[in-house]
Amino acid sequence: MSIVPHDGRRTVYLPLKELDKCAACGKTTSLRLCSSCGERIYCSPECQKGDWPTHKSICGKTDRIDLTTFYPFLALLAESHRLHPDKPLHPALTHAILNSPNPTTLPTAFPDGTSAKLVILGEPVPQEQYASHRWWPTAASDFVRHKLFRRIGHEGYLVPVLTAVCVALLAEMYTTTYIPPSPSSSPSYPTPTPTQRRTRLQYRSSPIADFGIATGPASVTPGDRLAYLNLSDDTFECGADPSTHAWLYFTTVRGEEFALDLGGMFLFNLCFAVPADPYGQGMLAPVRYAPAYFRDRAQARGTPVEIMRVERRYSVLRDEGLGEAVRWSGRKGGVAFEGEDVRRVVEFMERVGGGGGRGKVSDVEMDLTMKWCVNGCVALGITMADRAWVKWPKEPMLAIETDPGEMDEEEEEEGKGVSEEWFKYVRRWNKKYKKGQISKEVLGDMYRAWAKRQARAQGREKEKEKEP
Ligand SMILES: [Zn+2]
Ligand SMILES: [Zn+2]
């Protein structure tokens, strides 16, 4: 096991799964990790000393990166994947918004019982006008307009994005190990570099024992969900469903678990973000911030009710198929995933729950996932080769993008009666438009007229509240 052939083959080295018993005597109490590698446990200094002659050949120095320091890189990686030029844009980004899904607008109730903020789409907008006033004329402000544009950019591709981020971590970090100098070099293999180091993630002093994708429901208010009515092709589409959310989980050898949401909750208006500087280093998308919600100890203390509730975990670190998929990923001439490797990654995604459609992974999703895996491996590979993380802040500077007035808002009303009426109104005018009875301009006017009426009605409600 001490000699690695230089044919580019990579092996995933699994860290300790849990603190169970002393490696020397088997005792199960007062266990401590070997401080050098973090991969062996002992009950006493005596046991550690006694085991050293056998352990020293595999111990070696380990670079340990704290998850708190490291997670912004993963967030930026995910954001870069989403901004990949080959990723098809959501129709709501390329068509004009006719109504006013502003922060203060009430959600709409749909016949199936769900409620969401409805985005009504009209004619296509020329590319240079995306996110502009022409794209959404009635946005409450430029800030509100840009935020909605970026939120919609996070529709779909959640499992592919998370998978690609995990595959990069698996392939680039968890295949590193300490290789001791070989006593005599074998003629068929060159002597491996004795300086090769193991790099691993930890949280505080606890090594990460497992990571992967967690799925389950996220608590999201109707006002933070989105739905799209596209009048240009008369399609209705609900946005991402928070009851089948997905994010990353990390467990430590001491049994703690942390959730890391990479942009999925941003779509639902949970607006924690990390700055791109200094993590991107020109390899990742040129953004200033990437959304990320890391539920660490402090977050868990501050908000005891979990926003995301784990129903299932799909380990990436301990998945045999993915371990095989990364085996040949580090070939000479660059990172590559081919044939069987692709099938293994797709199989994993389908097990987790597919792509946007929550079933089969489409060809587009498959193609993008594999491109993202390569990009992620390259970016993480360079980061690790440079040991860039040494200079990263221990704790990232968090940014929070709240909507105007969000912090002093009262409990959200569902406004069911109004919404149903609104839905009928939309359908009625849309039919007239389809029959050619009214022009697009008139249609737009009708929506705006409704918005005004609604605003007046809300104003009256507020006045009433003020009365004694
Ligand atoms: Zn012992
Ligand atoms: Zn050790």
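1. Val274 stands opposite Ala290 in β14. Strand β13 (residues 272–275) is joined to β14 by 3 bridges, and the two run antiparallel. Here strands are DSSP runs of E with at least two residues, helices are runs of H or I with at least four, and both are numbered from the N terminus. Two strands pair if DSSP finds at least two bridges between them.

2. A word on what you are looking at: this is a predicted model, where local features need pLDDT of at least 70 and side-chain atom pairs count only at pLDDT 80 or more, while totals for chains, interfaces and linings use all residues. Residues are numbered from 1 along each chain as its sequence is written, chains are lettered from A and ligands numbered from 1 in written order, and side-chain values use heavy atoms, without hydrogens and water.

3. Now look at the whole sheet: it is open, has 3 strands in the order β14-β13-β17, and pairs antiparallel. β14 (289–291) and β17 (399–400) are the edge strands, each with a single partner, so one side of each has no neighbour in the sheet.

4. Next, find the zinc ion (ligand 2): its protein donors are Cys34 (SG), Cys37 (SG), His55 (NE2) and Cys59 (SG), at 2.0 to 2.3 Å. Donors are N, O and S atoms within 2.8 Å of the metal (3.2 Å for Na, K and Ca); water is not among the atoms, so sites may look incomplete.

5. Along the chain, the donors of this zinc ion (ligand 2) follow the spacing C-x2-C-x17-H-x3-C.
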